[in-house]
Amino acid sequence: MKKKLDPSAFFFVLILIGILMYVVYSNMNYNTILSFTDGMLKEALKDNEVLEVQIIQNQQVPTGTVQVTFKDGTKISYYTSDVNETQKMVEKNADNKVPVLLHDVKGNTWLERMLPYIFAFILVILFLSMFGRRVQRGGGQDSLSNFGKSRAKKDLKTGICFDDVAGLEEEKQELKEIVDFLKDPKKYTDIGARIPKGVILVGPPGTGKTLLAKAVSGEAGVPFFSISGSDFVEMFVGVGAARVRDLFSDAKKNAPCIVFIDEIDAVARRRGTGLGGGNDEKEQTLNQLLVEMDGFGKNSGIIVMAATNRVDILDPAILRPGRFDRKVTVSRPDVKGREEILKVHAKAKSIGEDVNLAEIARTTSGFAGADLENLLNEAAIFAAADNRAFITKADIDRSFIKIGIGTEKKSRLVPEKDRRLTAYHEAGHAILFHDLSEMDPVYAVSIIPTGADGVGGFTMPLPGNDNAFRTKTMMMQNIMVSYGGRIAEELMLNEISTGASADIRSASQIARAMVTKYGFSEKLGPINYETDDSDQVFLGRELGHERYFGAEISKEIDAEVKRIINECYEEAKKILISRKDILEKCATLLLAKERISGEEFNALFDDENTVTSENTYTSESADV
């Protein structure tokens with residue numbers, strides 16, 4: 001529907017245009033020169049350069065405007081502080097040929113005095129009119145009074161229950177007490193129990209925190225107020241605190257209910273961490289949130305739920321008992337949970353007979369619920385683009401590579417020299433994945449450039465188990481795999497390239513973590529030398545960054561990191577030297593087919609021996 005022009009705004013615009021035309025027209029023929037004086041006019045009169053002088057006088061004030069027309073056609077105007085003195089000077093120095101015209105502006109005195117005030121008033125009205133429409137809320141009302149109102153969305157029924165949330169059985173079990181209290185609070189109050197006022201859901205992005213909060217509301221059958229942490233904060237001081245007050249005021253009127261604050265770290269970051277002090281709008285909003293959570297009594301029927309993936313930066317005051325006194329960790333699902341999530345998302349899609357959801361669940365270790373949903377969605381897009389009514393295993397495989405690595409750029413022209421280098425590079429990675437006991441089997445090897453900048457190919461392992469820990473052996477073998485591409489280039493081409501830069505960076509980070517964080521160095525012992533960087537998101541704390549060890553220890557750390565990398569490098573080189581024939585076969589096959597599957601790669605080995613582990617390292621090489 002086309003929006004109509006506001007008549008009041010149109011009216012004010014017409015007035016503004018009229019005033020501007022009046023001001024411009026009244027002075028359009030004269031160039032106002034502020035530096036011109038009566039003395040300069042006197043000299044011009046003596047030199048007989050003036051054709052006409054007009055003095056515009058206001059009888060109620062001594063000031064006025066002098067408009068001078070010169071014989072050469074130039075016109076100027078300037079202001080005089082005493083009209084009478086100027087008039088006498090002109091009459092004394094001008095001959096009879098220079099007319100002096102006097103204009104009495106008594107009839108326009110009121111308009112000239114009020115013109116600046118009228119202009120300012122119109123600007124204020126226009127600003128308020130536009131500003132009021134910008135901050136409007138529901139109901140179509142253009143009112144500034146709504147600016148401090150809460151932006152929370154109120155759902156009487158979310159339509160989501162625990163059956164719609166797959167793969168989070170333990171998390172749902174923790175929240176069933178909240179649901180039971182909202183359904184039957186008397187059972188808890190009679191025995192003197194206090195239900196937590198707040199529940200904070202902590203976990204990586206895409207694990208289903210918001211969905212879980214909606215399911216609690218749907219199971220309990222209570223209203224659900226949802227708002228993002230960023231919706232509280234505006235550029236105007238006090239607006240965030242006003243919205244917090246309004247939110248909890250509405251919640252008290254609709255109790256029992258659930259108030260859900262998504263991305264609460266946007267408003268509840270630790271106070272006093274910036275360089276500018278603590279008196280800013282975010283901290284005032286947080287202070288009001290703390291007060292409101294203390295304000296409603298225990299068992300009042302209001303449950304505040306929040307979600308974040310950065311619980312480490314939250315203010316400690318908001319996590320104390322009496323506020324968010326229960327923390328529920330929402331982790332990435334295990335293989336069973338992933339299969340359940342895939343079944344939920346597959347209900348609305350046509351799945352082919354060759355698609356095994358249990359197998360997909362086993363090969364997607366580390367995927368969150370949103371990642372799995374995206375995997376099936378991308379596969380559905382591939383199927384629709386090929387004019388098929390169902391998703392096949394090939395679509396899932398293409399989607400898996402697109403999400404894990406990026407879109408393959410098959411149309412990109414790559415010089416033959418670079419293709420050969422990339423083929424040997426990726427073959428080196430793949431052989432080490434195959435031969436090292438703790439590494440995952442190879443899923444696919446490709447020398448086709450992908451969407452990532454500078455990536456000329458990839459070697460993708462197939463994740464196997466959901467191991468919670470990494471051993472020293474795993475990390476050492478990770479470093480060996482990282483250097484596989486560089487070593488292969490050196491062995492087969494007698495040359496090295498910049499394509500291993502990302503691999504070197506990854507290996508260096510792993511080796512340093514082994515020494516400083518995990519205590520894997522026998523020389524330095526099981527001591528944590530890693531500087532605490534949990535607060536480095538705050539500028540003020542980053543400037544106060546300090547180390548907990550001296551220069552000698554720092555030298556020893558560097559020496560141990562170098563030792564680990566050198567040992568891994570030499571061990572990986574020995575393996576690839578013994579596999580030179582496989583290295584050549586794999587590179588030749590890659591140059592012919594550009595991308596090979598894990599089965600095709602394993603067929604290159606006479607004695608196939610695949611061992612799976614939890615590691616999900618992906619090697620990438622860059623275009624040279």
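Strands here are DSSP E runs of at least two residues, helices are H or I runs of at least four, and both are numbered from the N terminus. Two strands count as paired if DSSP finds at least two bridges between them. Within this pairing, F260 has M305 of β10 as its bridge partner, and I258 stands opposite I303.

This is a predicted model, so a word on ground rules: local features need pLDDT of at least 70 and side-chain atom pairs count only at pLDDT 80 or more, while totals for chains, interfaces and linings use all residues. Numbering runs from 1 along each chain as its sequence is written, and side-chain values use heavy atoms, with hydrogens and water left out.

## The rest of the sheet

β10 also pairs with β7, again in the parallel sense and over five bridges; there, L201 has A307 of β10 as its bridge partner. Zooming out, the open sheet has six strands in the order β6-β8-β9-β10-β7-β11, with mixed pairing. At the edges sit β6 (153-155) and β11 (326-329), each pairing on one side only. On average, neighbouring strands are turned by 20° against each other, direction ignored.

Helix α7 (residues 209-220) touches β7 (198-202), β8 (224-228), β9 and β10, and its direction makes about 170° with that of β9. Helix α8 (residues 239-253) touches β8, β9 and β10, and its direction makes about 170° with that of β8. The axes behind those angles are lines fitted to C-alpha atoms (for helices, over the stretch in contact), and the angles run from 0 to 180 degrees between N-to-C directions. Touching, or contact, means heavy atoms within 4.5 Å.

## How enclosed is β10?

How many residues of β10 are buried? Seven of the seven are, so the strand is largely enclosed by the rest of the structure. Buried means under 20% relative accessible area, exposed means over 50%, and partly exposed lies in between (1.4 Å probe, protein chains only). I302, V304, A306 and T308 point one way from the strand, I303, M305 and A307 the other way, and all are buried.

## The largest nonpolar core

A nonpolar core is a set of buried Ala, Val, Leu, Ile, Met, Phe, Trp, Tyr and Cys residues joined through side-chain atoms within 4.5 Å. The largest one has 46 residues, and I479 and F601 touch the most other members. Two or more residues each come from α14 (416-435), β12 (442-446), α15 (472-482), α16 (484-493), α17 (501-516), α19 (551-578) and α20 (580-593). α19 gives the largest share, nine residues. A second, separate core has 27 residues, including V199, L212, A215 and A220.

Back to I479: leaving out residues up to four places away in sequence, I479 touches A507, I510, A511, M514, I564 and C568. In α17, the buried residues include A507, I510, A511 and M514. That helix has 16 residues and reaches 23 Å from first C-alpha to last, close to the 22 Å expected at 1.5 Å a residue (the expected span is 1.5 Å times one less than the number of residues).

## M480 and its contacts

M480 is found in helix α15 and is buried, at 6% relative accessible area. Leaving aside neighbours within four places in sequence, M480 is in contact with L432, L436, C568, E571, A572 and I575.

## An aromatic cluster

Rings of Phe, Tyr and Trp (its six-membered ring) pair if their centres lie within 6.5 Å; planes under 30 degrees apart count as stacked, over 60 as edge-to-face, and the rest as tilted. The structure holds eight aromatic pairs. What kind of pair do F400 and Y443 make? Their ring centres are 5.2 Å apart and their planes are at 70°, so the pair is edge-to-face. It links distant parts of the chain, F400 in helix α13 (residues 393-404) and Y443 in strand β12, 43 residues apart.

F400 is buried at 8% relative accessible area, and Y443 is buried at 19%. Together with F367, F400 and Y443 form one aromatic cluster.

## The whole chain

The chain holds 21 helices and 15 strands. Of its 624 residues, 43% count as buried. Among contacts with a separation of 6 or more, 76% are between residues 24 or more positions apart.
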